[in-house]
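Please work through the following exercises with the sequence and the 3D structure open beside you. Each task is followed by a solution that goes step by step.

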Number of protein chains: 2
Amino acid sequence: MQLSLKIALAVVAFCVHCSAQTYQRLGTCPTLGCILPPDQADFLPGQKFDIRAEIHAPLNGSEAIRGYTNPDANFTLSIERQGGSPQSVTAFFKQAEPRLETWNFTWYEDLFAHAAETPSQVRVASKAWRNVALYEPGQYIATLRYRNGSQTTLANWTVRDIAPQQRAKNVIMFIGDGMTTNMITAARLIGHQQINGKYQTRLALDQFPTLGHQMTHSIDSFITDSANSATALYTGHKSTVNALGVYADSSPNKFDDPKVESIAELFHRLRGGGVGIVSTAFIADATPAALTAHTRDRGQYGAVVDSFIHGITNYTWTTWSGPDVLFGGGAEQFYPGKGSFQGKDYYQVFAQQNYTVVQNNTALQASDNSSKHLGIFSVSNMAKWLDRNVYPANLNRSKTAPDGSNASAIDQPGLKDMTLKALEILQTRHSDDGFFLMSEAASIDKMMHVLDYDRALGELLELDDTVKATLAWLEEKGELNNTLVLVTADHGHGFDVMGSVDTQFLNAQDNARDKRGAVGTYQNSGHSQYVVANSSARVGSDQNLVYGPGVNFPTNWDPRYTLYSGLAAFPDFREDYRVNKNGPRIPAINITGFDNEDFFVNYVDAVTGFIVNGTLPVSADQGVHSLTDVPVFTRGPCTDLFTGVFNSIDVFYGMAECLGLSRTSPS
Amino acid sequence: MQLSLKIALAVVAFCVHCSAQTYQRLGTCPTLGCILPPDQADFLPGQKFDIRAEIHAPLNGSEAIRGYTNPDANFTLSIERQGGSPQSVTAFFKQAEPRLETWNFTWYEDLFAHAAETPSQVRVASKAWRNVALYEPGQYIATLRYRNGSQTTLANWTVRDIAPQQRAKNVIMFIGDGMTTNMITAARLIGHQQINGKYQTRLALDQFPTLGHQMTHSIDSFITDSANSATALYTGHKSTVNALGVYADSSPNKFDDPKVESIAELFHRLRGGGVGIVSTAFIADATPAALTAHTRDRGQYGAVVDSFIHGITNYTWTTWSGPDVLFGGGAEQFYPGKGSFQGKDYYQVFAQQNYTVVQNNTALQASDNSSKHLGIFSVSNMAKWLDRNVYPANLNRSKTAPDGSNASAIDQPGLKDMTLKALEILQTRHSDDGFFLMSEAASIDKMMHVLDYDRALGELLELDDTVKATLAWLEEKGELNNTLVLVTADHGHGFDVMGSVDTQFLNAQDNARDKRGAVGTYQNSGHSQYVVANSSARVGSDQNLVYGPGVNFPTNWDPRYTLYSGLAAFPDFREDYRVNKNGPRIPAINITGFDNEDFFVNYVDAVTGFIVNGTLPVSADQGVHSLTDVPVFTRGPCTDLFTGVFNSIDVFYGMAECLGLSRTSPS
C-alpha cells in the first residue's frame with residue numbers, strides 16, 4: 001500500500017468539493033493548479049511519458065476568485081527525488097523550456113446548471129514537457145507553484161522498484177471485455193454438464209492455478225469505460241473515460257494530452273519482440289486501440305488505425321513500426337472514405353509496409369506465416385459466435401463485407417481462428433525474441449450492453465475455447481513454460497443469474513404480473529436445460545458434437561426452461577427470457593426523434609414478454625458498465641505477481657516485470 | 001476433474017427429463033430408484049454418514065408405468081470398492097438389515113399442473129443404513145437393483161485420498177452471507193479513500209495473499225439457499241434447498257433424512273478441540289445451524305437449537321457435547337414458549353450444562369473466559385451495524401430484548417465484539433488442542449434481500465473490520481502462523497454499482513422519467529462522496545474518528561451524491577437511492593391479504609423516488625439469491641488448497657485436510 005505524503009493528502013482533500021461530481025472541471029485536478037501525471041502516479045523505471053502543467057482561472061461559478069480572471073502564466077514546475085533537491089522540470093530532464101499554451105473551456109457544475117444551461121468558464125495557461133523518463137526507482141515529488149508562489153500543487157510519483165530481469169519469453173493477454181465472475185459462472189452453467197452438483201467438465205479458466213482480482217475504476221470516476229481501463233492495463237497509468245494512453249488534459253486539441261508508453265511500445269522498443277493485436281470488435285475500438293494510440297478521445301477511429309501502423313507522428317515519441325498481427329473488424333476505417341484517416345486506403349497503406357492483407361477466414365488460414373498480417377473481416381464489430389455457429393442465416397442479413405461493397409461477410413473467422421493464426425505468425429517471426437499478444441473477446445461487453453445475454457455468454461465460451469486451444473498450442477510448440485498466459489477483463493456489467501424461467505408458461509399467461517410467475521428461484525431453478533441434448537441428439541459427454549469434439553457449448557440455446565438472468569441497471573425493456581434468433585438484440589428505441597433522446601421499449605423485441613421500466617436515464621438505449629472487481633487468471637511464469645486483490649495498473653507492472661522491461665538507467 | 005464412470009453418466013442422462021425442472025420428484029433421483037448419498041458424492045476418509053435407498057412408483061403423470069403401482073419392496077443395495085467384489089450394504093457395513101419403510105408423496109410436474117392443481121402421486125419403499133463410514137480412499141460403486149433386478153441405479157462415490165496429517169492447529173472460518181466480489185468492491189468504495197485512482201487504505205480482505213472462487217450451486221438446483229450451501233461448506237456434501245447436514249429424501253419425516261458429519265462434529269469427535277459458533281442472525285438460522293443440525297427443513301428452529309447442545313438424539317450418531325461458544329440472536333428459541341423446542345427454557349438447559357449465559361454486550365465483555373458460553377442478544381436477527389453506530393435511536397424502536405420481555409435490546413454486541421470474545425474463550429479452553437470458529441456476518445444477505453444496500457455494505461465493512469481485528473488478535477497471541485483464516489460466502493445476490501445519483505436533482509424532478517436523469521454513469525459517476533468528511537469534520541485520513549481510530553467506514557452515509565446501485569432481480573419497488581434512516585428497508589408489501597400473495601411497492605418506502613416494476617413473481621416481497629461464484633480469501637497454513645476455482649464442497653475438504661481430520665482406517 002503506497003501512502004501519499006501527508007501534505008499532499010491534505011491539499012487534495014481540502015478542495016475535493018471544488019471539482020464536482022457528475023461533472024468535473026478536470027477530474028485529476030481538484031485545485032486550480034494541475035500536474036499531469038497527477039499525484040499518486042506510478043511508473044515503470046525507464047518508461048516514456050509526457051508532463052503537462054495547467055493553471056486554471058475560473059471566470060464564474062463557485063470557484064471564481066475576485067480579480068483573478070487570467071491564469072498565472074509565470075507558474076513553475078519543479079521535481080525532486082525524495083532526499084534530493086528540487087530542480088525545474090526543464091532542467092531535470094535537460095529539455096528546452098516549452099512554449100506557453102493558453103485556451104479556454106467550459107463545464108457544468110452540476111445537473112441543475114446543465115438543465116439551466118449555465119456553464120462555468122475557465123481560462124488556462126499551460127506547458128508540456130514531452131518524451132521524458134524516470135529511471136531510478138523511488139519517490140519523486142513534482143511541485144507546481146503559481147499566483148506568485150502563494151499556491152502550490154504537489155504530485156507524489158513512485159518509480160517502482162522493478163529490476164530488469166526477464167522471467168518470461170512471451171506474454172499472451174486475453175481480455176474478455178466486460179467479463180465478470182458472474183458471467184463466467186453463468187457460462188459454465190450453460191456449457192458444462194453437472195451430475196448431482198459435480199461438473200463433469202470444466203471451463204479452461206477454471207483450471208488456471210492462480211486467481212486474482214483487479215480494481216477497474218478510472219482515475220477520476222469510479223466507473224470506467226474500456227478506453228481508460230485498457231490504458232491502465234497496458235501502461236500502468238489510470239486515466240479518464242474515453243482516454244487512450246494519455247492523461248486527459250483540458251485543451252481543445254484531442255491529440256496533445258500527455259502520453260504514457262504502453263507495454264506494446266516498450267516491448268517493441270526494448271526487445272524488438274513481436275506484437276499481435278486481435279479483437280472481435282472493430283479494430284479501432286478502445287481495447288485494441290490503447291496499445292498504440294494516444295488521444296483522450298477514443299472516437300478518433302481513423303487516427304487510431306493510423307497509429308497502429310505509424311505510431312505517434314505529431315510529437316517525438318517512442319519508436320513504433322507496426323504490429324506483426326492486426327486482426328479484427330472495423331473495415332470502415334480501412335477502405336477509403338469518410339471513416340478512414342484522411343480518406344486514405346489503409347489496406348493499401350499496410351500492404352505498402354509489406355503486410356499480407358486478408359479479408360476472410362479462408363484467406364487467413366491459407367496465408368504464409370512469415371510476413372506481417374493485417375486481417376480485417378467485417379465492417380463494424382465482427383459477427384457473434386451464436387450467429388456464426390447456431391444461426392448462420394443471420395450472417396447474410398448484415399451487409400458488412402470488409403471491402404465496403406455492402407455485401408455480406410459470410411466467411412468470418414472466430415476468436416480462436418484469429419488467435420491461433422496470430423500465434424503461428426508471431427512464433428514464425430519471433431521464435432528467438434518472443435512475443436506479446438493481446439486477444440480480446442470484445443462482444444461479451446457489446447452483447448451485455450444490449451441485454452443479449454445468450455450472445456454474451458456464447459462469446460465468453462468462445463473465449464474459453466480459445467484459451468484452451470492456446471494452451472494446447474503452447475504445449476505443442478514447447479512454449480508453455482516460457483509464456484505467461486493471463487486472462488482478465490477491463491470492467492464489469494451488473495449481470496447475474498437468479499433462477500430459471502418456464503418460457504412456455506410465461507407465453508401462456510396474458511398479463512405481465514402473471515407472466516412473472518414463470519420465474520423459478522432457489523429449488524425451483526432446477527438444473528440447467530442448456531446442456532440436455534435434444535431428443536434427436538446423443539446423450540452423454542459427446543452431445544456437443546455439433547461444435548466439434550471436446551468443445552463445450554450449449555447443445556440447445558432455446559430450451560423450454562431458460563435462465564432468469566438480468567442486469568442491475570437497464571433502460572426500459574421487455575423481457576421474454578428467450579434467445580434472439582434473428583441477431584443481436586435491440587432492447588430500446590428512440591420514441592421521439594434524433595434530437596430529443598427518449599428511449600422506450602423496442603416494439604419488436606421480446607413481444608410475448610412483459611415490460612420493465614428502466615432505472616437508467618431515458619437517454620440510455622442500453623446497459624452500462626459496473627464497478628465490480630474483475631478476475632485475473634494466470635498460468636506460467638510470474639503467477640506470483642497476480643495473486644490476491646490488486647489495482648488494474650498492477651497488471652501492467654506484472655507483465656512488464658515478467659518481460660524484463662524496466663530500465664533503471666538510460667541505456 | 002472427477003469423471004463418472006460412463007455407464008452411470010448414461011443412466012442419469014437418459015432420464016434427466018423425468019425429474020422435472022421447476023418442480024422435481026426428488027432432485028437427486030432422475031430414475032425411479034434413488035440412492036442417497038447419490039452418484040458423484042465425495043467423502044472424507046472416516047467421515048460418518050447415513051445411506052438411504054428409495055424405490056418410487058408413480059401412480060399418475062408422465063412417469064406412471066402401467067401395472068406398476070406398488071414400489072418393489074424387494075430391492076437390493078450393494079457396494080463395491082473399485083476392483084473389489086460387490087457386497088450387500090448390510091454386510092459391507094456389518095449392520096442388521098434395516099426395516100422396510102413405506103410412504104406416499106405428491107408433487108407437480110410443472111407450473112401448468114400446479115395452476116390446474118393436478119398433482120402427481122408417488123408411492124415409496126425405502127430402507128436406511130445409519131452411522132457408517134468409508135475409510136479406504138478410492139472409488140466405490142453402490143448399485144440399487146429393483147423390479148426383479150431389471151432396473152438398476154448406480155452411484156459412484158469417491159473417498160478422497162486425504163492423509164491424516166495435521167497442518168493447522170486452528171481454523172477460523174468467516175462467512176459473509178450472500179457476499180459477492182461486487183459487494184466487496186462497493187464496500188471498499190464507500191469505506192476507503194482514493195486519490196487519483198489509488199486507494200490510500202484497503203480492506204483487510206484485500207490484503208489476503210490467496211484468493212479462490214467457489215461454485216455455490218445446490219445438488220439439484222443451480223441456485224442455492226443458505227442451508228444447503230452451508231452443508232456443502234461444512235460437510236463436503238452438496239444438498240437440497242432448505243436441507244441442513246442431510247441429503248433430502250422424500251419421506252414425510254423431516255428428521256429421518258440421511259445425515260453427513262460436519263467439520264464441527266469431526267473436530268469434536270476426533271480431536272476434542274474447541275468449537276465456536278457466532279452469527280449476527282438468529283442463531284437457529286441456516287448458516288450456524290448446519291454445523292450441528294441434521295434435518296431437511298431449516299425451519300425447525302427449536303430442534304436446531306436443541307441440536308446445538310444435545311447433538312442428534314433420534315439416531316445413533318457422532319458424539320457431540322455442545323460448542324464452547326454460541327453467540328447470536330434468536331432469543332425466541334431460548335425463552336420458554338412456542339418458539340422453543342418442546343416449550344422448554346433453553347437458557348436454563350444450557351446453564352444446566354455449565355454454560356455461562358449472557359444477554360448483552362456488557363455482560364459478554366465482563367464474563368470469565370474459562371467456561372462455555374451462550375450469548376443470545378436479541379429476538380430474531382441482531383441489530384445492524386448502521387443502526388448500532390449511525391442511527392442508534394432505531395434500537396429503541398425494536399422490541400427485541402433477549403429475555404422476551406418486549407423491551408428493546410439496546411446493548412447488543414457487534415460481530416467484532418462477539419468474535420474476539422469467542423476467540424478469548426476458545427484460546428483459554430483449548431490452547432493445546434486448538435479450535436474451530438465459524439463467524440457469520442449474516443445480515444449482508446438479509447439486507448440485500450430487502451434492497452437495503454447501505455445496511456448490507458455496513459455489515460460487510462463490519463465483517464472486514466472483524467477480520468482485521470482477528471488477525472491482530474492472532475498475532476498478539478502467537479497463533480497467527482498456526483491458524484488457517486478463511487473468509488468466504490455461501491452464495492451471492494445479483495448486486496452491483498453502476499454509477500452515482502444526484503439525490504438533490506432526483507428529488508427536484510416531478511416525474512419518474514425525469515428523476516432517472518439524476519443518474520450519472522461512466523465519467524459522470526465521479527468520486528465516492530461517502531469518504532468525504534462533512535464540513536464540520538476534520539479532513540485527511542483520520543476523518544473516520546467517529547468510529548474509532550484506524551477503522552474504515554463511511555464518514556457520511558447520506559451524501560448528496562449516492563451510489564447508483566441495484567439488483568438484477570427484484571420485486572416491485574420504489575427507489576430514491578438514499579439511506580433508510582429509520583431502520584431496515586421494506587420494499588414491497590402484500591396488497592391483497594394473507595392468503596393471496598400479491599406484493600407491490602411499499603407506500604411508505606422511498607416516497608420521493610420512482611417506481612420500478614419487478615421481474616420476480618408477484619409473490620416475492622424481496623430479492624433472491626444468485627448464481628455467481630463467490631470469493632474465498634485465505635491466509636496461514638494450507639492456502640495452497642484454496643487457489644483457483646473449485647467447488648463449494650472443496651472448502652470442507654481443505655479445512656478438514658488442514659486440521660488432519662481424515663481417518664483411513666477405523667481407530
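## Exercise 1: A helix and its packing

Task: find which elements of chain A the buried residues of α6(A) pack against.

Solution: The buried residues of α6(A) pack against α5, β14 (274-282), β18 (435-441) and α18 (649-658) of chain A, where contact means heavy atoms within 4.5 Å. Helices (H or I, at least four residues) and strands (E, at least two) are DSSP runs, numbered from the N terminus. This is a predicted model, in which local features need pLDDT of at least 70 and side-chain atom pairs count only at pLDDT 80 or more, while totals for chains, interfaces and linings use all residues. Residues are numbered from 1 along each chain as its sequence is written, chains are lettered from A and ligands numbered from 1 in the order in which they are written, and side-chain values use heavy atoms, with hydrogens and water left out.

Next, look along the helix, which spans residues 263-271: A:I263, A:A264, A:E265, A:L266, A:F267 and A:H268 are buried there, buried being under 20% relative accessible area, exposed over 50% and partly exposed in between (1.4 Å probe, protein chains only). Finally, go just past the end of α6(A), where A:G272 takes a positive phi of about 65 degrees.

## Exercise 2: An annotated serine

Task: decide whether A:S226 is buried or exposed, and list what A:S226 touches.

Solution: A:S226 counts as buried because its relative accessibility is 4%. Leaving out residues up to four places away in sequence, A:S226 touches A:D177, A:A286, A:T287, A:R298, A:D490, A:H491 and A:H625. An unreviewed UniProt entry places the feature "active site" at A:S226; UniProt positions are given in the numbering used here, feature names are shortened, and annotations may be inferred rather than shown by experiment.

## Exercise 3: Where two chains meet

Task: describe the interface of chain A and chain B, starting with how many residues each chain contributes.

Solution: The contact takes 129 residues from chain A and 129 residues from chain B. The area buried between them is about 10700 Å², of which carbon and sulfur atoms give 57%; buried area is the accessible area (1.4 Å probe) that two parts lose on being put together, summed over both. Across this interface the rule finds 12 salt bridges, each a side-chain nitrogen of Lys or Arg within 4 Å of a carboxyl oxygen of Asp or Glu. One of them joins A:D572 to B:R513, with the closest N and O atoms 2.8 Å apart.
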